[in-house]
Amino acid sequence: MDILEARPNNHAKHDEKLYRQWFEHADADGDGRITGNDAVNFFSLSQLSRQELKQVWAVADSKRQGFLGFKEFVMAMQIISLAQSGNEITADILKNTGLEMISPPAMEGLDEMISKGRRSPIKKGADSNAGTSTRAQLESAQWFTSKSTKKASLNSVTSIIDGLKRLYIEKLKPLEVTYRFNDFCSPILTNSDFDAKPMVMLLGQYSTGKTTFIKHLLRTSYPGAHIGPEPTTDRFVVVMSGPDERSVPGNTVAVQADMPFSGLTGFGTAFLSKFECSQMPHPLLEHITFVDTPGVLSGEKQRTQRSYDFTGVTSWFATKCDLILLLFDPHKLDISDEFKRVIGSLRGHDDKIRVVLNKADQIDTQQLMRVYGALMWSLGKVLNTPEVMRVYIGSFNDKPINDVAIGPIGKELFEREQEDLLADLKDIPRKACDRRINEFVKRARAAKIHAYIIGHLKKEMPAMMGKAKAQQRLIDNLDEEFGKVQREYHLPAGDFPNVEHFKEVLSGYNFDKFEKIKLKMIQSVDDMLGYDIPDLLRKFRNPYD
């Protein structure tokens, strides 16, 4: 059940030095990244057609980062070598090939070019496995700490993610800070938020197989994993790549600058004591981070025993995650009050949600049909969407499927469903960059609407007398004020925040200290959405388009 076939030594060791030399020559600015212009100049030496080189880039840059690191560069060279031997270029061209047996491609005139004038080599600190250079990462990290107001051209960035960082710092962050967006919606983004690996969160009642599901994908246990019929996972556990196996306490994780979890400090020490990071070296974790969650309990009494805002935490993770798996098992189809609130907190992330009916081999085919219908009925009452939610049926554990209960038809169904779910998971790293762009645009639109709301509330406050009464009136009639803002600025109603949550946060503020609407600042964000981001995507698209 391999999600990603990781091959650490994907080329012969005796070719390592040659590929390094070629990479350093192709990398014109020595930043450890082969951008589009670099590739066009270097790949042309292979004498392949433009259409073939377009396919080479598309396969090598499968994550659509807009650049090739050393690992991706080697892949490109291997694909070129196979193409020169008469092989057709496909997305799976390297899967069924002995990579160590592929000889370096013929690059016409390259040896002579290198001997005449060698490019500046990249620094030895470059992380060839991650596909980006340490130098480039450090430079982009400094943007978040620098006090300089000098703006840099987007032409100076060497990847889509770096471009988004630059746009955030120069155009979106000033708007968020001015109108206190971080207090109402989402904390200010940091460098690690942009560089974080894609995340998958698992939600469900206790004993639905969340921890087992992660172990099944990793094919091994991870530090801190506990499995049992009782509520064993009593904390949020982030399973991510690390140099060795260890568990890091939540308070430590939240203050580490290289991890995207600093925003969790807002939920207090009570939550951080129920949060930990489980690190281990694993090929899959180099591409995906998993978030294991406590089992959702049923009943109002059990909810009040939590010492932190469980729904708020799941909502925070939902914003960061690329995929959210809701796990059910055939004997736990009821959706409790807390589970209903949790699913409600996922509003706005419907495209990320997948439903998994786990442990389905515990019942026979006839019962499975009834259970599936009951689950769809339960979900229909909670998920307020006209579309039918995709439900994957299977038994995601290391035990063989129970053929006696489900029969041959059920076994075939399970295998096909498992393949579909794995295909969904495989797409996560490939779509990570697209997802970052999507979330960035979504955040920009939310921040803009937030600025309009805050500016409107400030405008409605009286100049002298009766400020306290006016503020309370605005809070009480906040839904009407949202309607006024929507009509005045022609904004979509679906993009407005939850009224009740907004009321709750507003009650702790003095409206008189809010900022007025600064149209120039909002226009800057509009320009970013209308011009800067499309230009950024155009710059880092396939250079052969």
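This is a predicted model: local features need pLDDT of at least 70, side-chain atom pairs count only at pLDDT 80 or more; totals for chains, interfaces and linings use all residues.

Modeller: Two rings of Phe, Tyr or Trp (for Trp, the six-membered ring) are taken as a pair if their centres lie within 6.5 Å; planes under 30 degrees apart are called stacked, those over 60 edge-to-face, and the rest tilted. Residue numbers start from 1 along each chain as its sequence is written, and side-chain values rest on heavy atoms, with hydrogens and water left out.

On these terms there are 29 aromatic pairs. One of them joins F42 to F43, whose rings are edge-to-face at 6.4 Å centre to centre with 65° between the planes. Both partners are buried (under 20% relative accessible area; exposed is over 50%, and partly exposed lies in between, with a 1.4 Å probe and protein chains only). The relative accessible area is 3% for F42 and 0% for F43.

Helices here are DSSP runs of H or I with at least four residues, numbered from the N terminus.

Elsewhere, ring pairs connect F236, F261, F267, F271, F275, Y308, F310, W316 and F317 into a cluster. Rings also meet charged groups: R20 lies over the face of F70, at 3.9 Å from the ring centre, and R390 lies over that of Y392, at 4.2 Å. A charge counts as lying over a ring if NZ of Lys or CZ of Arg is within 6 Å of the ring centre and within 35 degrees of the ring normal.

Helix 4, residues 70-84, contains V74, which is buried with a relative accessible area of 1%. V74 and P104 stand 30 residues apart in sequence, yet their C-alpha atoms are 9.1 Å apart in space. The loop between helix 3 (50-60) and helix 4 holds R64, which has a positive phi of about 55° although it is not a glycine. Most residues other than glycine have a negative phi. R180 likewise has a positive phi of about 55° without being a glycine; this residue is found in the loop between helix 7 (160-178) and helix 8 and is partly exposed at 28% relative accessible area.

A further loop, between helix 20 (478-489) and helix 21 (499-506), includes A493. A493 is partly exposed, at 47% relative accessibility. The C-alpha atoms of A493 and F482, eleven residues apart along the chain, are separated by 8.6 Å.

Conventions. Helices (H or I, at least four residues) and strands (E, at least two) are DSSP runs, numbered from the N terminus.
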